[in-house]
Amino acid sequence: MANTRNVSRFWEWGRKIICVGRNYADHAKELKNAIPTEPVLFLKPPSAYVREGSPILVPLYSSNLHHEVELGVVIGKGGTAIPQADAMEHVAGYALCLDMTARDVQDECKSKGLPWTLAKAFNTSCPVSDFIPKESIPDPGNVKLWLKVNDQLRQSGCTSQMIFSIPYLISYISDFITLEEGDLILTGTPKGVSAVQEHDELQAGIEDVVTMSFRVDRQEQ
């Protein structure tokens, strides 16, 4: 099976999505969270993936779905306890991603000290662009991201604002969770998250590299 896998279609067979929360200080502040001293991690299942041409679905239990635009890192070579100095050798490429978040559910979970799974891991909660080859982003630490809702700019930031760098994240995560080929790491979102409604059109981009667009629908009863 391994030799038939095409890492540029990682969403079809990759086994996990590891997300980093609060990795931009201004985003942590806008949600009134403390700025973390170590990465905040959570997971999405592969069933969260959705590709252009299919809608983002607002889950039945949410009335406050937020967009979070992120740079995704696609793992090409697995490993455990990967040293920071070697981390970039494990990267196959990148993807532009959205971490769709049921904010009302997340707030309720936080207030009760419960996990965020229902807020973060539902179907269509991880829209992804086409695979971006590694050479197309020579410096992932200096990538400009943007997101518009109905042509209105909502998020604009740069990965240079990240608290924890990509090599640090790969090393940190792999100390606890073995990284495997096809895994995706979501590296956090800049400030400007806001709610989307049914029928909204979302456009997102990495400057000079890729754009993608998605329509928002509501999950059917």
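UniProt positions are given in the numbering used here, feature names are shortened, and annotations may be inferred rather than shown by experiment. The structure is a predicted model, in which local features need pLDDT of at least 70 and side-chain atom pairs count only at pLDDT 80 or more, while totals for chains, interfaces and linings use all residues. Residues are numbered from 1 along each chain as its sequence is written, and side-chain values use heavy atoms, with hydrogens and water left out.

**Figure 1. The annotated domain, residues 16–216.** An unreviewed UniProt entry annotates this span as "domain: Fumarylacetoacetase-like C-terminal". Its end C-alpha atoms lie 24 Å apart, and the span is 15% helix and 35% strand. Helices (H or I, at least four residues) and strands (E, at least two) are DSSP runs, numbered from the N terminus.

**Figure 2. An open sheet of five strands.** The strand order is β4-β16-β15-β11-β12, with mixed pairing; two strands pair if DSSP finds at least two bridges between them. β4 (56–58) and β12 (152–158) stand at the edges with a single partner strand each, so one side of each has no neighbour in the sheet. Within the sheet, β15 (residues 201–206) and β16 (residues 210–218) are antiparallel and share six bridges. Glutamate 201 has arginine 215 of β16 as its bridge partner.

**Figure 3. Strand β6 and its partners, β7 and β13.** Seven of the seven residues of β6 are buried, that is, under 20% relative accessible area with a 1.4 Å probe, protein chains only. In a regular strand the side chains alternate between the two faces of the sheet. Here Val69, Leu71, Val73 and Ile75 are buried on one side, and Glu70, Gly72 and Val74 on the other. β6 runs antiparallel to β7, joined by seven bridges, with alanine 95 of β7 as the partner of glycine 72. β13 also pairs with β6 in the antiparallel sense, over three bridges, and its leucine 184 stands opposite valine 74.

**Figure 4. Helix α4, residues 166–176.** Among the buried residues of α4 are Ile166, Leu169, Ile170 and Ile173. The elements covering the buried residues include β1 (17–21), β2 (40–44), β6 (69–75), β7 (91–98) and β13 (184–186).

**Figure 5. The largest nonpolar core, with 63 residues.** A nonpolar core is a set of buried Ala, Val, Leu, Ile, Met, Phe, Trp, Tyr and Cys residues joined through side-chain atoms within 4.5 Å. Phe10, Leu98, Ile170, Leu184, Leu202 and Ile206 touch the most other members. β7 supplies the largest share, six residues.

Note on methods: Buried < 20%, exposed > 50% of the residue type's maximum accessible area, 1.4 Å probe, protein only. Contact = heavy atoms within 4.5 Å.
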